[in-house]
Amino acid sequence: MRWRRIKDSAATKSMRLALVLVNSLLLLLILGLYAKSRPILARESLLNLLLYSSWHPLKGEFGFFPFIVGTLAATAIAMILAIPTCLLSAIYLSEYARRRVRELIRPVIDLLAGIPSVIYGFWGVIVVVPLVRYLGHAAGSPTTGYSLLAGGIILAVMVFPIIISVSTDVLQSVPAEAREASLALGATRWETVKHVVLSSARRGLMAAIVLGFARAFGETMAVLMVVGNVPKVPTSLFDPAYPLPALIANNYGEMMSIPLYDSALMLAALVLLVVVAGFNLAAHLFLLRLERRP
Amino acid sequence: MRVRRLEEAIFKGLMRASLGLVLTVLVAIIAVVVARGASSLSLSMILQTPKGGYYLGKEGGVANAIVGSVYLALGGSFLAILLSLPTALILQKEYTGRRLATITRLSLDALWGTPSIVYGAFGFVIMRYLGLSASLLGGILALSLVMLPIMARAMEEAVKMVPLQLKEISYAMGATRLETTLSVVLRQALPGIVTAVLLAFGRGIGDAASILFTAGYTDNIPRSLLDPAASLPLAVFFQLGTPFPEVQRRAYASALILLVIVLVASLAARLVSRRFARHIIR
Amino acid sequence: MPHISLRNLDVCYGRHHGLREVTVDIPDGRLTAIIGPSGCGKTTLLKSLNRLIDLNDEVKVGGDVLIDGQNIYDPKADVLALRKKVGFLSQKPYPLPMSIYDNIAYGPRIHRMSQWQILQQIEQLRQSPHLEQLSPQIERATTRTKRSDATDLLVECYLQMAGLWQEVKDRLHDPAAGLSVGQQQRLALARALAVEPEVILADEPTSALDPTSAQLIEQQFEFLKEQYTIVVVTHILRQARRIADYVLFLYLGELVEHGPAEQLFSAPADPRTRAYVLGDIS
């Protein structure tokens, strides 16, 4: 009998250890990256680093501004393309499609979510970049196709699955009585969606969009392959851009040889972590609150 | 009256177009990979390593990347399971209060959304600290961090679904928590746990940003944990932009092989959960 | 008053045969109760009258339902107009996610009722008895009233008719979700009345309510049945005895017997009816 209790408590203790490790991971990440960023933070204030737009590591200039603008711009384009497409798709799946159709399409969209980002990048290089080049020339811009627009398009496609699946779940959780109440008055399905379903689901839909935003913000490989990677603030859709994750990925080779370069890149990683984890936490907390309140 | 129906018809059309766009893009991605990759695929491509350097050498195949990826993903899965399974089990109500459980889940959700490049950077910091250079071991460490949140969350969902009544039967007979967990919970949740591992595996084998700094790249198949390792995603990344068509073919082949592995893992995950659902008591 | 007539109405949900060949005429201007044990098709029958059963994916409907001589299941039939003519109260009242005011105004706005139509409606309502203490504004209703004032009056009128005005007149723009269940059901009644139906369907309208609210609803039905045809599904025999003029008894999807309330309750023809009325089966 005692032996069983000993086994039980030993197992519990080791599982608790795992739990502690898992919970401290986020903190460890932040601390580890912060430790490595201290050299450059000692030299310049964070605000200066974020707003300065000259990036010349050899000269010791580490202005992150072009990369921040690049990331924000690419993410913004992705959101502009993705939000209407995904919301309309989710509304169709939830409110109009038959159950069988919905059950068929959901797993297909989840499949899209599982595709590795290099494959999106691959597709981007082969299909999207030439497309953007064509569009650019038609608009009078001498672009190679490797541009902000290409990056935005790829990011949009990559966030389709997460926004659609969370949105569809949120819409489906609006109770059937709500729709019945509206339809029984003689409203069309679309009017019911507009006035009843969407307002009930509004907050969950916002959480879905924030999750998509966080995903787009931190995406590295696919966007890296199509965005041009020129460290200047982009002034048009067809200009190349250089998002923050791409910066880190492209320069890990040189970072050890130039003073403070590695510290700058670790700071970039830290900024990414804080922003993306922050948005994710906020969205998930929100969705949790929604679940709790009936 | 007609305006109302017209408005609905317009939006319905837009909705169908949007959904059609999403599905078309999916098909297009798969089609492009298959189209370019199929012609480059051959037995020698799969079995040989690149000769004369992966970036410039015109001969050889991608065996280095295939084996490297498999090693990396298996190693990462192993480490991730070590932490995920106990975490998933201890989040049961009889071990952990609601508050700690919620905090853990939120923390895992935040980790799940973290860009894998951050894990790569962190992994690099740890490697430097331990005096390691880019190697299979480094890649496994970084990859396990990427796979951990996905695996832990999915396993936890599987464990949560074990009905309380079933556990009560075991406790009512005087079993300890450990005995109940091992004989009842694990057995019930096993399909879900296996699915979680497959899902994380599929995600991990396709990840490039985390192993970019940490696993290195090489023409050879790694023979020890300290050797650098090639991987399929990086094989695509490094060899796509080359001027040599033979090298490019290796990139195409890698992309196709990677896509196939990921799709197979996804399908396997679905099949496992559906097939073993028969044996579980509801 | 519309003439409602069912001819061989047959409804199947997948493999479950919900209603078998129901043929009956629902009397105008009376309160008809549909009674019978649970799961016997009462709600199905009710929801067939405004085609709300269309919302179920796998439903198959055979036979005809004629309202004013037209088959509402004709593919060319206007479902929106039907649902305007035939109002519905569900068992658990669901307030639309908007203010009390907007809940009532929703129907008229959706149907794009013009100012003139709204004022006409108010004129007609002024002539109906029992409208206690109409505020002086209604007396002043002329075509010079602004659109929003006309809607204000409309909302007030219907809240009066549903017996809710006194309780909510000072908080019309508060969210409807803040009302008690009994108030929400009266709100649902006002909402249904606001689109000027000719028939009111009610699916167990008081089963979710406390006795006071239930009584209020029954009182409203008493006074409404002079102007509308009302069909109520109820599983409370005593309620049917209290309010019904005409009764339909459904058992296992079959319309076993129907007739004037007094006759059916005192001298039921069919043994099954007798068993239910006497309480032998429920």
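The legends below describe close-up views of a predicted model.

Residues are numbered from 1 along each chain as its sequence is written, while chains are lettered from A and ligands numbered from 1 in the order in which they are written.

**View 1. The fold of chain A.** Chain A contains eleven helices and two strands, where helices (H or I, at least four residues) and strands (E, at least two) are DSSP runs numbered from the N terminus. Along the sequence their order is α-α-β-β-α-α-α-α-α-α-α-α-α. The C-alpha atoms of chain A fill a box of roughly 80 × 70 × 35 Å along the principal axes. Of its 294 residues, 53% count as buried; a residue is buried if 20 or more other C-beta atoms, placed from the backbone, lie within 10 Å of its own.

**View 2. The surroundings of P245(A).** P245(A) lies in helix α10 (residues 244-251) of chain A. P245(A) counts as buried because it has 28 C-beta neighbours inside 10 Å. Leaving aside residues up to four places away in sequence, P245(A) touches G218(A), E219(A), T220(A) and L272(A), together with P115(B) and I117(B); contact requires C-beta atoms, placed from the backbone, within 7 Å.

**View 3. A269(A) in the largest nonpolar core.** This core has 273 residues, of which A269(A) and M151(B) touch the most other members. A nonpolar core is a set of buried Ala, Val, Leu, Ile, Met, Phe, Trp, Tyr and Cys residues joined through C-beta atoms within 7 Å. Residues up to four places away in sequence not being counted, A269(A) touches L33(A), I248(A), I117(B), V118(B) and A121(B).

**View 4. The contact of chain C with chain A.** Here 20 residues of chain C are in contact with 18 residues of chain A. On the chain C side, α2 (79-85), α3 (100-110) and α8 (181-193) are the elements that give two or more residues. The residues of that side divide into eleven nonpolar, four polar and five charged; Ala, Val, Leu, Ile, Met, Phe, Trp, Tyr, Cys and Pro count as nonpolar, Asp, Glu, Lys and Arg as charged, and the others, Gly among them, as polar.

**View 5. Confidence in chain B.** Chain B averages a pLDDT of 89, and 97% of the residues score at least 70. Confidence in chain B is lowest in helix α2 (residues 43-47), at a mean of 81, and highest in helix α3 (residues 63-90), at 94.

Key. This is a predicted model: local features need pLDDT of at least 70, side-chain atom pairs count only at pLDDT 80 or more; totals for chains, interfaces and linings use all residues. pLDDT is the predictor's confidence in each residue, from 0 to 100. A residue is buried if 20 or more other C-beta atoms lie within 10 Å of its own, exposed if 12 or fewer, and partly exposed in between; C-beta atoms are placed from the backbone. Two residues are in contact if their C-beta atoms, placed from the backbone, lie within 7 Å.
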